[in-house]
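We will go stop by stop.

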Amino acid sequence: MSGLLNKVVVVTGAGRGTGRTHCERFAAEGADVIALDIPSAATDLCVTSAEVEKRGRRCVTGVADVSDLDALTTAVDAGVAELGRLDVVVANAGIHLAGAPTWELTQEAWRRTLDVNLTGVWHTVKASVTHFGKDGGSIVIISSTNGLRGTANTAHYTSSKHAVVGLARTLANELGPRRIRVNTVLPGAVGTAMTLNEATFKRLRPDLDQPTADDVAPILVARQLLPVPWVEPVDVSNAVVFLASEEGRYITGAQLVVDAGLTQKA
Amino acid sequence: MGGRLEGKVALITGAARGIGRAQAVRFAEEGSDIIALDVCGSVDTVIIPPSTPADLDETARLVEAAGGRIVSEVVDVRDLDGLQAATDRGVERLGGLDVVCATAGITSRSGTVEMDEAVWQTMLDVNLTGVWHTCKASAPHLIAGGSGSVILISSIAGLRGLVGVGHYTAAKHGVVGLMRSLANELAPHNIRVNSIHPTNVDTPLIQNAVVSSAFRPDLDRPPTREEFAEAARPMNMLPIPWVEPIDVANACLFLASEEARYITAVALPVDAGSTQR
């Protein structure tokens, strides 16, 4: 039904978090996976690979920083050479460096964020798109609810996540005639280390010495429409798989928000 | 996948044909029972051929062939009392309600300034107030059940203005506002509310002389299907003139399913890129 049987998908940031669940979900739908992440995540990639293989599919892992076009191209080429084709690209790798008021952000934090979250996505598409066959394909770019609205102290992150929406809109225009669809998925708070970490806990609960996820949950619940503090990685993956599947064959240029209503709360 | 709506009950307005029928059949394939409602008759100011009781019967046959139970009734979404009664009867017979698709809609054409008042009013009555009626009649059942998913069929005209259909554009934008308010109101009850925005869909709503002629003002006769397609294709980014009803139904299925359990207040286009070009 999903039309993903025997297709090949490349996922960046595949070592952990939502990147890993993307790989698991695609494998469950019958796709083989090229799982890429930075060199320091090599061990995490082994776990991802094992999860894919557990679902009966092949997984080729590769290490490359998405900000390094040559390394990324080499890794994608190697994966496609081994698995024989490419049908889906999930540009998932992203970072959220410590924030500060916009005028106090360091040049280093600004540049590194744009290098990974924006230029890295462009690199991922650049390295992959030539491998698509004549039947076209699907590109899913992971943005964020910060791709729709700004929050204080996140100028670097918010700018990068808005920018990939613009990139996706342009790409969708350019690649539509080749039947390649380009969409963005915009998660709100997700139950991964990017949201559930000590810095976030302390920012939300400055009144506590050692706040935990449980301490911040009520604050996060209050921000969303649905009575949950965050969405799970698999919820983001389900949206990605839907867009990449045959069921989404005529959806392109779209922004799909997975945020439990965070951005629409009155 | 199969079984993505196992044991659920879905209410669909405009179920006799087109998108509504595709939703009913697709949901039934995934294990859902169906409450199918349709006006099965003509609506003043609307020139396209009306749906018929035979169309609704065919939907019922297809749903049953897919393994679903179906309760169908002829009712006009403009008639709140009738809609409430039909909804209540359907829920009673099928034992609950989980998914609501407000799909019933009409189209007519006129320049906004020259538009006849009746054309304007009928459009709002069906395409906006009818959606509100559908939500009003069904929401108490969803609340009683403790969860649910409501899907409002808007249009690309709910996201951008289209020429010659100012009333349709206003109504479809109105549906987005309704969706956003309702999502806020129903979230505490674990009920999600989203809208879908199709480009042209290959249904009687576009495959008629009035709509197809509007795409080919250069001809002194209604265009052939191929001539219409040629003119419709540039609207979309993907090289297709229109999407199929099944494509809209698949997007609704996703939003109705557990896979989208945390997606609410979203406007999802199924538009081949039309709104982004």
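**Stop 1: two helices in chain A**

Select helix H1 (residues 17-28) of chain A together with H8(A). Their axes come within 8 Å and cross at roughly 50°. This is a predicted model. Are H1(A) and H8(A) parallel or oblique to each other? An angle under 35 degrees would count as roughly parallel, and 65 to 115 as roughly perpendicular. H1(A) and H8(A) are therefore oblique. The crossing of H1(A) with H8(A) is right-handed.

Now show side chains. From H1(A), pick A:Gly17, A:Thr18, A:Thr21, A:His22, A:Arg25 and A:Phe26. From H8(A), pick A:Pro233, A:Val234, A:Val236, A:Ser237, A:Asn238, A:Val240 and A:Val241. These residues make the contact. Colour them by class: 6 are nonpolar, 6 polar and 1 charged.

**Stop 2: H4 and H5 in chain A**

Which residues of H4(A) meet H5(A)? Select A:Ala109, A:Trp110, A:Thr113, A:Leu114, A:Asn117, A:Leu118, A:Val121, A:Trp122 and A:Val125. Across from them in H5(A) are A:His156, A:Tyr157, A:Ser160, A:Lys161, A:Ala163, A:Val164, A:Leu167 and A:Leu171. This contact has 12 nonpolar, 4 polar and 1 charged residues.

**Stop 3: H4 and H5 in chain B**

Select helix H4 (residues 117-145) of chain B and helix H5 (residues 166-186) of chain B. Here the axes come within 9 Å and cross at roughly 20°. H4(B) and H5(B) are therefore roughly parallel to each other. They cross in a right-handed sense.

On H4(B), the contact residues include B:Trp120, B:Met123, B:Leu124, B:Trp132 and B:Cys135. On H5(B), they include B:His167, B:Tyr168, B:Lys172, B:Gly174 and B:Leu186. By class, the contact between H4(B) and H5(B) has 15 nonpolar, 3 polar and 1 charged residues.

**Stop 4: where the chains meet**

Show both chains. How many residues does each chain give to the contact? Chain A gives 30 residues and chain B gives 30 residues.

**Stop 5: zoom out**

Hide the side chains and look at chain A. It has 8 helices and 7 strands. Its C-alpha atoms fill a box of roughly 55 × 35 × 35 Å along the principal axes. For 266 residues, a compact globule would have a radius of gyration near 18 Å, and chain A agrees at 18 Å. Buried residues make up 55% of the 266 residues. Among contacts in chain A between residues at least 6 apart in sequence, 73% join residues at least 24 apart.

Finish with chain B. There are 8 helices and 7 strands in it. The C-alpha trace of chain B spans about 55 × 40 × 35 Å along its principal axes. With 277 residues, a compact globule would have a radius of gyration near 19 Å; chain B has 18 Å, which agrees. In chain B, 56% of the 277 residues are buried.

Conventions
Residues are numbered from 1 along each chain as its sequence is written. Chains are lettered from A and ligands numbered from 1 in the order in which they are written. This is a predicted model: local features need pLDDT of at least 70, side-chain atom pairs count only at pLDDT 80 or more; totals for chains, interfaces and linings use all residues. Two residues are in contact if their C-beta atoms, placed from the backbone, lie within 7 Å. Helices (H or I, at least four residues) and strands (E, at least two) are DSSP runs, numbered from the N terminus. The radius of gyration is taken over C-alpha atoms; the globule rule is 2.2 Å times the number of residues to the power 0.38. A residue is buried if 20 or more other C-beta atoms lie within 10 Å of its own, exposed if 12 or fewer, and partly exposed in between; C-beta atoms are placed from the backbone. Axes are lines fitted to C-alpha atoms, for helices over the stretch in contact, and angles run from 0 to 180 degrees between N-to-C directions. Angles under 35 degrees count as roughly parallel, over 145 as roughly antiparallel, 65 to 115 as roughly perpendicular and the rest as oblique. A crossing is left-handed if the near helix is turned anticlockwise from the far one by less than a right angle, and right-handed if clockwise. Ala, Val, Leu, Ile, Met, Phe, Trp, Tyr, Cys and Pro count as nonpolar, Asp, Glu, Lys and Arg as charged, and the others, Gly among them, as polar.
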